[in-house]
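Trainee: Hey, I've got a new model open and I'm a bit lost. Can you walk me through it?
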Amino acid sequence: MLHSKTFVKKTRGGKVNKQVREHYLRDDIYCGAPICKLCDSSAARLSPSASTILLLDTNVVLNQIDLLENPAIDDVVMLSVVLDEVKNKNMGVYNRVRALCSNSLRRFFVFANEHHKDTFVKEMAKESKNDRNDRAIRVAAQWYQSHLGGAARILLITNDKENKRKAIAEGISAETIESYVKSLDRPDLLDLVVQPSSEDVEMEEVEDLRPSKRKVIYTEHKPMSEITSGLHRGIYHQGKLRVNRYNPFEAYVGSESIGDEIIIYGRTNMNRAFDGDIVAVELLPQDQWHEEKSLSIADEEDEEEDVHLVPSSADDAPRTTNLVQGCSGDTNAVSSRPSGCVVGIIKRNWHSYCGSLEPMPLPAGSGGTAHALFVSKDRRIPKIRIHTRQLENLLDKRIIVAVDSWDRLSRYPSGHYVRTIGEIGDRDTESEVVLIENDINSRPFSSQVLACLPPLPWSVSSEDLANPVRQDLRDLRVFSVDPPGCKDIDDALHCTALPSGNFEVGVHIADVTNFVHPGSPLDDEASQRGTSVYLVERRIDMLPKPLTEDICSLRSDVERLAFSVIWEMTPEADIISTRYTKSVIKSCAALSYIEAQARMDDSRLMDPLTTDLRNMNVLAKKMRSRRIERGALTLASAEVKFQIDTETHDPLDIGMYQIREANQMVEEFMLAANVSVADKILKHFSLCSLLRRHPSPTREMLEPLLRTAAAVGLNLDVSSSKALAESLDRAVGDDPYFNKLIRILATRCMTQAVYFCSGDLSPPEYHHYGLAAPLYTHFTSPIRRYADVIVHRLLSASLGIYKLPSIFQDRSQLTSIADNLNYRHRNAQMASRASVELHTLIYFRKRPTDTEARVVKIRSNGFIVFVPKYVF
Amino acid sequence: MEFVSPEGLRLDGRRPMEMRQIRAEIGAVAKADGSAVFEMGNTKVIAAVYGPREVQNRTQQINDQALVRCEYSMANFSTGDRMRKPKGDRRSTEISLVIRQTMEACILTHLMPRSQIDIFVQVLQADGGTRSACINAATLALADAGIPMRDLVTSCSSGYLNSTPLLDLNYVEDSAGGPDVTVGFLPKVDKVTLLQMDSKLPIDIFENVMQLAIEGCKAIANYIREIMLENTKQLEYRRGI
Amino acid sequence: MVGLSLGEEHFIQGGIAQDLRSDGRKRLTYRPIYVETGVIPQANGSARVMLGKTDVVSSVKAELGKPSSLQPDKGKVAIHVDCSTTAAPMFEGRGGEELSTELSVALQHCLLGAKSGAGAGIDLSSLIVVEGKICWDLYIDCLVVCLDGNLLDALGAAIKAALSNTGIPRVHVAAGALGDEQPEVDISEEEFLQFDTSDIPVIVTLTKVGRHYIVDATSEEESQMSSAVSISVNRKGHICGLIKRGGAGLDPGIILDMMSVVKHVSEQLINKLDSEIAASEAGAEES
C-alpha cells in the first residue's frame, strides 16, 4: 500500500524546497518473537521464554547506552522510528545500538514500525514531530500487546512524563528506566543509569563547602542559528579546541578566519568545551588579549613525545606561528596573541575516559549514593562528577567514566561510571589504561576470525609447490637475522656469489596475503588494528598467533611460502636487475643479531653461511654510504631495553638498545626492498598505490633545535637533509654524549612519516626526507603491519597474478584506510612509549638511584635533564 | 548513507527486489491519435502519438518506411527545483534520441512508407526512472494509436547500492552515485533493445543487476497487457458488443 | 491548424447563427468543467482543469527571494505558460513559443494588473516576509496538455484552482539581523498559509463568428472567428483586464455589449468553478 510522505526542506541556497517521498506500508514485517504463532519466526531474535519485552523511548536509548550494553538488559524491541531519531541525533550511539542489534548473543530485535501497515502513524494537524514519534511508539507498543496476546508482558520504558502518562492511559504498562532497573534487583546496574540533568541542579557541589547557592558559573551557549549567522558575519570563528597538555586551563583554537590561533584562558572562557570539540569563539576586546607567557612558549616547544604531525594533517599539535607580528613597531619581544572565549559548541567530542576518583572521605553509612569527582588520566579533561553506590570499592581503582552533560550551574561536567579496570599502580591495570587511552584493541580474536586460519599443523602442500606462479627456491641458502627470542620472523635473506663476479641478493618476506584474503573477518580485523603494538611486557598482535609465529613465520629448517625480491648487484652494490616472485623457501638458520655479528667478526669461521654474511655486510656498507651521500639522516632515538623478570614480569634492568653492524646490514636491505617495491607498484598503479612519505620539517619546527645548538655555540645547517646530516656529524664536543644529545633533539623536531594514497598527492610530495628517497613504502613486515599487506596485494596485482579487490578503485576509501593506518601507527607508538614510561616508573619505584645527568632545557618552572645511562 | 537497512528495507519501505507502484491510463489526450499516462511511483509521464500522417518535411521522407520522430520534454515544475529550460537541453535531446531508437526498432515501419509517426513525451513529475516511464508510456500510446508493432517494449531501471542489487531506483537512490542500469526489453521475443549504464560495476555483479532489471520489465509487460485488455473491453462495451 | 472543408465551415457558421452549435450547446453555454487539485504533489499548489477536451495543468511553486526595490512591500509573481508537444505536433521544438508567449502575457495582464502592481488580482502584500529583504516569489507554471480551443479561460480557471490549493509554509525570521544583510529564516514544517482566492478573477473569452459571439469556442469554431475579446472579471463584477485578438475590427458599441454579456456569464462561471474546486479539495481531504 502506498502512502506519500511530504515535508519541506530548506536548501543551502536559501531556497525552500518541498520534498515528496513515497512511503510504502507492508504487511510482511514480522514481530520477532518466536512464541508468536502468526508470524514467520525464522527471523525471530527475542527469547522464547521472555516474560517481559521492553520497548525503549529515544531519549532512553541516547542517554543510557552504557546500561543497554550490559547483558542484564535483554529482550528489547528497537523500533525503527527510535533508531532513525537516534541516528539523526548521535551517530556514535547509533553505531553502538546497531552493533547490539547485530550481535547474535544479545536479544535485540529491530521492528520496522514505520513501514508496517498497522503501526504506521500519520501526522495529525498541529502535532509536532516529537509528539508524532511518541504516538508512533505507543501505537507500536499497543500493537505488540494485542499481537502477542498475553504471552509476554510489554513494557514501555520512557523517562518522558507526558509519554508515560498517555501510555498508561491507553493501557500500556510504562516505567522509567530507574524503576525498571531497580526492579531487576541489581545494585551494580544502578550505577550505570544516567541521571537526567535536571537532578544536577539539586546536587551539592562537592568542592564548594558553602551551601549550594545555585549561581550561574558559565555563560549560556548561543543557539545554533545565531552561531551560524555570527560565523557568516565574521564575529565568531570556528575551529577545533586543543587543550594544552601541560596547562589544562589554557587552550587553543586553530581558526582559518584569523591566520593565527586563538588562545582561550581559564575555565570560564572555555565555557564547558572539551578538548577536541568544534567550537565557535568570539574574540575578546584587544586590551584583554593576554601576552604570550614565556611559560606557554616553553610548554609548546617541549613536546615530550616527538609527535609533531604533518602540517597538513587533521589535528595539528600547537605550534608557534610566525604570524604574530601584529604589534608592528613594538620593540617588545613579547607580542600578544588573540584571545577569545567560547560562545557555543558546534560539535561535541565526548567519549569515555580512564582515570580514578579523587580521594575523599567516605560518606557516613554505606549503601547510599555518593558524589565523587573523577580525575582523568588525560590532563586535558576536566574533573567529572559522578555518583556511585560503591564508593569504597572504587576509591583505589582505575575506572572508565563517560560524560553525559554539563550545564551552566555546575562547575564540573556530569558523567556516569562505565566499568572498573583494576587497582591503581598495578602493572596490568596501568598497562590496560595505556591500551584504552590509545584506542588499541587487545581483545582476543573472535571465533569468526580464527575460523579463517588454515588447520594446524600446517605445512607447504603439493598444490603450493605445483603452482606455476611460485618459484621453488628451497635450494637457496636462505637465513634470517632478528632480535633474540623473536618468534615472528617475517624476513629472510640470501646472497649468492655469481660466476660473473656479481651477487644475487634476495629478500624474502612472509607471504601473508596467501592466508589473509580481502573481505574475510581476519582481514577486516587486521585492517582495523592496523599494526602490532609492542609494549614492554607483551605484544598485541595484528594477526592471530598461529599465523604470526608458525604458518607465516620464516622459521629455520621448515618450508615456508614467501614473496621474494631478488636483485642482481655488482660488487659495488649497483643494482643491475630486479625481479619479484612468489616463492617457497627453506631457511637454514634463524640467527640473532649478536650471533650474526659474532660470526662475521670471527675470522676463523669460513663456512658458506658466514661468507654470505660477510658479502652482504660489504654490500650493505656500500649501499649505506651511498644513502648518506644522498642525504639520509641517522638520528638517535632514545630506545630503551628492559630486562624483564620472567616470573613477576617486573623490570630487572634498563639498558640501551645497542645497534650493531648486523642490525644495519639487515636494515639496509629492507630499505632497498621497500624502495624497489614502491617503484614497481607506482609504475603499475599510479593512482592507487599505498606509499610512505616523510615531509621535510619546516623552519619553524627546527627552531628549537637551532636555538639550543646556538646556545652552545653550534651552528647547524638545515637547508637540506644532507646538510643537516653533515652538521650533525660535525657536532662533537668535549662531552661524549653531546653528539647523541644533539641527535635526539633533532629527532624530536622531525615530522612524522605517514602513509598516503598516491593518487592524493603529486610526485614531488612523495619524498621521504629522512631516507632521502623519492619514493618509499612498507613491504617487509606484513606480519605486524597492515600497510605491508596492502602493498603485497598491489605487488601481486602488478605482476598479474592477483586481481585487486574493488576497494582499490575507490580513492576515498583508500585514503581513509591510509588515515586509519596512520592513526593506529601513532597510537601504537604512543602506547609503546607510555608502556616504557610505566615500566621505568615501576623500576625506579623500588630502587631510588643516584646517577649522572645532563641539563637539556631550562624552563621558568624547572629544567629537563637527560640521563645517559638510562637514555631518557 | 544507508540505502538498504539491515532488516532488508529500503528508504521508502520496499524490499530490494520490489518495484514502485505502477499506474497506467490510456487515452488521456483526446486530440492525439494515441495517448497514455504512465506512473511509476511519483514519476508521472504523458505520451502522445500523432500518426501515421503525411510527412511534414519532404526532405526527410523515406520511401520505404515510416519516419519516426520523438521529442522528450520536462515540465517546469516536474523536478524539485524549478527548471528554466524545458526543451532543447542536452539531456532532453539525448533521451529523445534514445526513445526514438528504441521505438523505431519495434514499430513495423515498412508497413507505412512515406509517412511520419510522432511520439511526444511530457514529464509531469520526475522522481527517478523517467527514461523507463517514458518508454512504457510510449508503448501504450502507440498501441492506443493502433500502430503495428513487433512487440511491446517495456523498460525498467535497476542499480547496486550497499552491495545489494535494487530494482527501480527512485530519485534519492539514483543520486546516490551508484551504478544505474536501464534496460529496454521485448518480452515476447525475449530480446534486449536498450541497455544503458552509468558509473562503474564489476562484470559479475553487472549480470545480476541486468537480470533483475529484465525481471522488472517482464512484470511491467504483464501489467501493460492487462491495461490494454481492459481498455479493449471498454471500447467493445462502448460499441455495444 | 484545423483542416476544414467548405461545407464544414458553413455548417459551423450557420449553427452559431441559429444558436445551435455543433455539439448541441447554446451560444453562451460553457462545456462541462472538471477540476482536480493537488495533481503535482511536489509543487506548493497545483490543479488540472478539463474544459471539454482542452486539458491544462498548472502548478504554483514558492521560493524565497528579494522583493524589487520599487515595491519593497510586495512579493513577486511570475506566470509562464508552456505548450506541450503532446497538445499538437506543431508545438515541437520552438514551434509553440509564440503561442506560449502570447498566453503568458495575456494572463499576466489579466491577473497581475499593471507594472506598478496596482490593481492586481492576487494580493501581493500577503507574500512579504521581511519588508525590503525577504519575500515569497511565486512561480506559476502552466502546461497545455491538450488543445481544443478556449485556452485562456481554461488557464485562468486552472490558475485560480491552483492558487486555492497552494500552501506556503510559515516562516520565522531569526532576530538580530543588522543592516542590509540577509536574516536567517527558519521554515516551520507544520503551518501553512492558505491563499485567499476569492478575489482572483476568471477570464471569459467571447469569440465573434459571423455576426454573433459565442462563449467557450472549440478549436474548429475558433478557426472561423473574426475576432475575440477576452475579459477578466472578478467576483464583484469588476473588470480586471481586457484583450482583443484577431484581425477584424469591432464596433465599440458591440464591445460594450460584450462586456455586459460577460458580466452575466462570469457569475455563473465563478460559481461553477468555486463549487468544483471545493468539491475536489474536499475529495482530496477524504482520501
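Trainee: Let's start with chain C. How many helices and strands are there in chain C?
Mentor: Chain C has 5 helices and 12 strands. Keep in mind as we go that this is a predicted model.
Trainee: Okay. And what share of the residues in chain C is buried?
Mentor: In chain C, 52% of the 287 residues are buried. As for the surface, the accessible area of chain C is about 12400 Å², and 53% of that belongs to carbon and sulfur atoms.
Trainee: What about contacts in chain C between residues 24 or more positions apart?
Mentor: Take the contacts in chain C with a separation of 6 or more: 67% of them are between residues 24 or more positions apart.
Trainee: Now chain A. How many helices and strands does that one have?
Mentor: Chain A has 25 helices and 31 strands. Buried residues make up 51% of its 872 residues. Chain A exposes about 40400 Å², with 51% supplied by carbon and sulfur atoms.
Trainee: And the contacts in chain A, how many of those with a separation of 6 or more join residues 24 or more positions apart?
Mentor: In chain A, that comes to 67% of them.
Trainee: Let's zoom in on some helices. At what angle do α18 and α20 of chain A pack?
Mentor: Helix α18(A), residues 593-601, and helix α20(A), residues 661-684, pack at about 105 degrees, and their axes are 8 Å apart.
Trainee: Are they roughly parallel or roughly perpendicular to each other?
Mentor: Roughly perpendicular, α18(A) to α20(A), because angles of 65 to 115 degrees get that label.
Trainee: Which residues make the contact?
Mentor: From α18(A) you have Y593(A), A596(A), Q597(A) and M600(A), and from α20(A) there are E661(A), A662(A), N663(A) and V666(A). Sorted by type, the residues in this contact of α18(A) with α20(A) are 5 nonpolar, 2 polar and 1 charged.
Trainee: Switching to chain B. How do α2 and α4 pack there?
Mentor: Helix α2(B), residues 130-145, meets helix α4(B), residues 203-238, at an angle of about 30 degrees, with the axes 11 Å apart. Angles under 35 degrees count as roughly parallel, so α2(B) and α4(B) are roughly parallel to each other. The crossing of α2(B) past α4(B) is right-handed.
Trainee: And which residues touch?
Mentor: On the α2(B) side, N136(B), L140(B), A143(B) and D144(B); on the α4(B) side, I220(B), I224(B), I227(B), M228(B) and N231(B). The residues of this contact of α2(B) with α4(B) split into 6 nonpolar, 2 polar and 1 charged.
Trainee: New topic: the backbone. Where are there cis peptide bonds?
Mentor: One joins L456(A) and P457(A), with omega at about -5 degrees. P457(A) is in the loop between α14 (447-450) and α15 (462-466) of chain A. Another cis peptide bond joins G51(B) and P52(B), and omega there is about -10 degrees. P52(B) is in strand β3 of chain B, residues 43-54.
Trainee: Which residues have a positive phi although they're not glycine?
Mentor: R272(A) is one of them, with phi at about 70 degrees. R272(A) lies in the loop between α10 (266-270) and β11 (278-283) of chain A. Another is N150(C), with phi at about 60 degrees. N150(C) is in the loop between β6 (134-146) and α3 (151-165) of chain C.
Trainee: Is R272(A) buried or exposed? And N150(C), buried or exposed?
Mentor: R272(A) is buried, because its relative accessible area is 6% and the cut-off for buried is under 20%. N150(C) is at 3%, so N150(C) counts as buried.
Trainee: I also clicked on D612(A). Where is D612(A)?
Mentor: D612(A) is in helix α19 of chain A, residues 608-630. D612(A) counts as buried because its relative accessibility is 4%.
Trainee: What does D612(A) contact, leaving aside its neighbours within four places in sequence?
Mentor: With those neighbours left aside, D612(A) is in contact with R477(A), F479(A) and C495(A).
Trainee: Last one: what's around V86(A), again leaving aside neighbours within four places in sequence?
Mentor: With those set aside, V86(A) is in contact with T58(A), V61(A), L62(A), V93(A) and Y94(A). V86(A) is in helix α3 of chain A, residues 80-89. At a relative accessible area of 1%, V86(A) is buried.
Trainee: And how are the C-alpha atoms of V86(A) and E703(A) placed, what separates them?
Mentor: Those C-alpha atoms are separated by 48 Å, and V86(A) and E703(A) are 617 residues apart along the chain.

Technical notes. Residues are numbered from 1 along each chain as its sequence is written. Chains are lettered from A and ligands numbered from 1 in the order in which they are written. This is a predicted model: local features need pLDDT of at least 70, side-chain atom pairs count only at pLDDT 80 or more; totals for chains, interfaces and linings use all residues. Side-chain values use heavy atoms; hydrogens and water are left out. Helices (H or I, at least four residues) and strands (E, at least two) are DSSP runs, numbered from the N terminus. Buried means under 20% relative accessible area, exposed over 50%, partly exposed in between (1.4 Å probe, protein chains only). Contact means heavy atoms within 4.5 Å. Axes are lines fitted to C-alpha atoms, for helices over the stretch in contact, and angles run from 0 to 180 degrees between N-to-C directions. Angles under 35 degrees count as roughly parallel, over 145 as roughly antiparallel, 65 to 115 as roughly perpendicular and the rest as oblique. A crossing is left-handed if the near helix is turned anticlockwise from the far one by less than a right angle, and right-handed if clockwise. Ala, Val, Leu, Ile, Met, Phe, Trp, Tyr, Cys and Pro count as nonpolar, Asp, Glu, Lys and Arg as charged, and the others, Gly among them, as polar. Accessible areas come from the Shrake-Rupley method with a 1.4 Å probe; for residues, only the protein chains shown count as cover.
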